[in-house]
Number of protein chains: 2
Amino acid sequence: MNVLIVFAHPEPRSLNASLRDIAIEELEAQGHTVQVSDLYAMGWTSEVDRPDFPALGADDRLMPAGASRDAFKGGTLTEDVKAEIDKLLWADTLILQFPLWWYAMPAILKGWVDRVYAYGFAYGVGEHSDKRWGDRFGEGRLAGKRAMLIVTAGGWEEHYSARGVNGPIDDLLFPINHGILYYPGYDVLPPFVAYSTDRFNEARFAVAAEELRQRMRTIETTAPIPYCQQNGGDYLIPTMKLKPGLEAPGASGFALHQLAPQAEG
Amino acid sequence: MNVLIVFAHPEPRSLNASLRDIAIEELEAQGHTVQVSDLYAMGWTSEVDRPDFPALGADDRLMPAGASRDAFKGGTLTEDVKAEIDKLLWADTLILQFPLWWYAMPAILKGWVDRVYAYGFAYGVGEHSDKRWGDRFGEGRLAGKRAMLIVTAGGWEEHYSARGVNGPIDDLLFPINHGILYYPGYDVLPPFVAYSTDRFNEARFAVAAEELRQRMRTIETTAPIPYCQQNGGDYLIPTMKLKPGLEAPGASGFALHQLAPQAEG
């Protein structure tokens with residue numbers, strides 16, 4: 001299997017880099033082929049801006065979605081973006097790895113999403129009508145592939161628990177797991193999260209490393225998060241509201257959008 | 001009152017720019033003084049990286065939190081970051097304005113947060129012990145000030161409703177409202193969100209503009225979101241779990257962290 005790791009930490013001697021190397025080692029030991037997009041090392045440009053769209057006239061108004069659509073269709077996306085799209089098409093599994101900064105991904109990784117996720121490739125795909133709203137949330141160009149997050153967080157695991165002050169980790173990661181990975185079709189695996197990373201010592205690193213190795217060994221077989229499918233009958237279209245009764249009893253907020261456990265089998 | 005608008009859109013003729021200008025006009029008409037940090041126009045750097053910390057030795061490992069702490073304490077933050085911190089101290093109210101891209105802020109604005117929110121300024125403030133966990137979530141250097149978001153979203157309002165496929169807008173914005181604005185002490189006002197902006201016409205623009213003017217007229221008096229306070233007795237410390245019974249009946253997920261309406265008065 002081909003695995004792409006998109007990696008976002010500025011320091012080659014960081015905990016993140018050590019975990020990345022463990023992931024690569026274990027994936028290769030399992031016979032997989034790994035490519036890494038090391039965004040800091042590549043000098044990745046984070047900002048969607050006019051240079052992304054060389055075909056846009058100097059006096060044209062920059063409307064990012066329309067400009068992205070025209071550039072994808074016309075083959076005029078920049079070379080750095082085209083290369084990342086090629087890697088996404090090559091990879092059977094995508095891993096995004098980053099430290100959680102201010103409850104979200106670092107800017108450089110957000111900029112990878114903003115720029116690489118072109119209209120016609122990651123969104124604006126398929127029929128848009130009163131019966132379908134594009135191929136997304138379970139369908140799309142990346143359907144059939146898997147994706148997962150590897151995240152480090154400075155705070156304690158309890159602080160990210162159901163009643164923790166930061167909010168539950170699954171909710172904090174929902175905009176990424178559901179909105180960025182599930183949107184263009186990926187099956188999204190539960191994330192690997194290392195907590196309290198400000199206080200890592202060798203013993204704690206060894207535990208985290210072994211957990212990560214285990215996740216890499218099972219990356220082809222781990223069950224994905226059972227998100228509801230937009231066009232599979234779970235939502236009213238075009239209002240896109242989840243039909244009643246699909247969610248786990250008492251669920252609300254983001255948790256609504258996963259099928260209740262009993263519906264899985 | 002002094003108001004800082006941090007603005008993140010690449011196009012000066014965009015809907016976002018038009019809304020920004022309306023906000024400025026109305027705020028000034030109310031007698032307020034407005035500064036704008038137009039991140040694209042400023043050529044803002046998005047990536048936390050080694051050049052942020054000129055005092056760091058060439059062979060030193062870059063640990064972002066520690067480097068930020070040393071740079072803030074030693075006065076060696078870069079001039080662009082220092083200027084933004086000065087603006088935050090000047091402003092009585094902060095407005096972050098941006099288009100919602102992939103359910104989050106554009107990279108350039110995330111990079112403003114990542115770089116400007118220095119250790120010792122926006123986090124790592126106050127006593128850290130088993131009884132307190134720093135001055136945050138209701139306390140901090142920016143306490144007593146107000147903040148709010150002005151957001152544009154391409155999708156329909158229903159798609160961001162309680163059962164909408166994108167997830168509820170208040171949950172999508174929670175990591176920003178609670179994790180970025182409330183964290184260093186701001187009182188966070190409900191956001192202004194314009195939906196379906198891909199299909200704006202003059203009539204819809206006029207409605208949105210009037211709603212925004214009304215929000216700007218009441219910016220000093222609008223009640224903030226009643227988030228629970230970390231050190232005010234709402235949370236168990238050091239596990240940081242919300243004590244039972246403070247939330248609205250049946251609340252879960254992010255919604256837990258707001259006091260139930262009856263507790264407000």
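First, some ground rules. This is a predicted model, where local features need pLDDT of at least 70 and side-chain atom pairs count only at pLDDT 80 or more, while totals for chains, interfaces and linings use all residues. Residues are numbered from 1 along each chain as its sequence is written, and chains are lettered from A and ligands numbered from 1 in the order in which they are written.

**The two copies**

Turn chain B by 180° with a shift of 0.0 Å along the axis, and it lies on chain A with an RMSD of 0.0 Å. Which residue of chain B comes closest to the rotation axis? That is B:Ala107, with its C-alpha at 2.3 Å.

Chain B puts 53 residues into the contact and chain A puts in 54; residues are in contact if their C-beta atoms, placed from the backbone, lie within 7 Å. On the chain B side, helix H5 (107-116), helix H6 (169-182) and strand S8 (241-242) each give two or more residues. Helices (H or I, at least four residues) and strands (E, at least two) are DSSP runs, numbered from the N terminus. By class, that side has 27 nonpolar, 13 polar and 13 charged residues. Nonpolar here means Ala, Val, Leu, Ile, Met, Phe, Trp, Tyr, Cys and Pro; charged means Asp, Glu, Lys and Arg; the others, Gly among them, are polar.

**Domains of chain A**

Chain A is split into domain 1 (2-223) and domain 2 (226-265), with bounds from an automatic or database domain assignment. Their centres, taken over C-alpha atoms, are 24 Å apart. Twelve residues of domain 1 touch eleven residues of domain 2.

**Around strand S1 of chain B**

Five of the six residues in S1(B) (residues 2-7) are buried, meaning that 20 or more other C-beta atoms lie within 10 Å of their own, with C-beta atoms placed from the backbone.

| Partner strand | Sense | Bridges | One bridge pair |
|---|---|---|---|
| S2(B), residues 33-38 | parallel | six | B:Ile5 and B:Val36 |
| S3(B), residues 93-99 | parallel | five | B:Leu4 and B:Leu94 |

Methods: Two residues are in contact if their C-beta atoms, placed from the backbone, lie within 7 Å. A residue is buried if 20 or more other C-beta atoms lie within 10 Å of its own, exposed if 12 or fewer, and partly exposed in between; C-beta atoms are placed from the backbone. Two strands pair if DSSP finds at least two bridges between them. Copies are superposed by least squares on the C-alpha atoms of residues with pLDDT of at least 70 in both.
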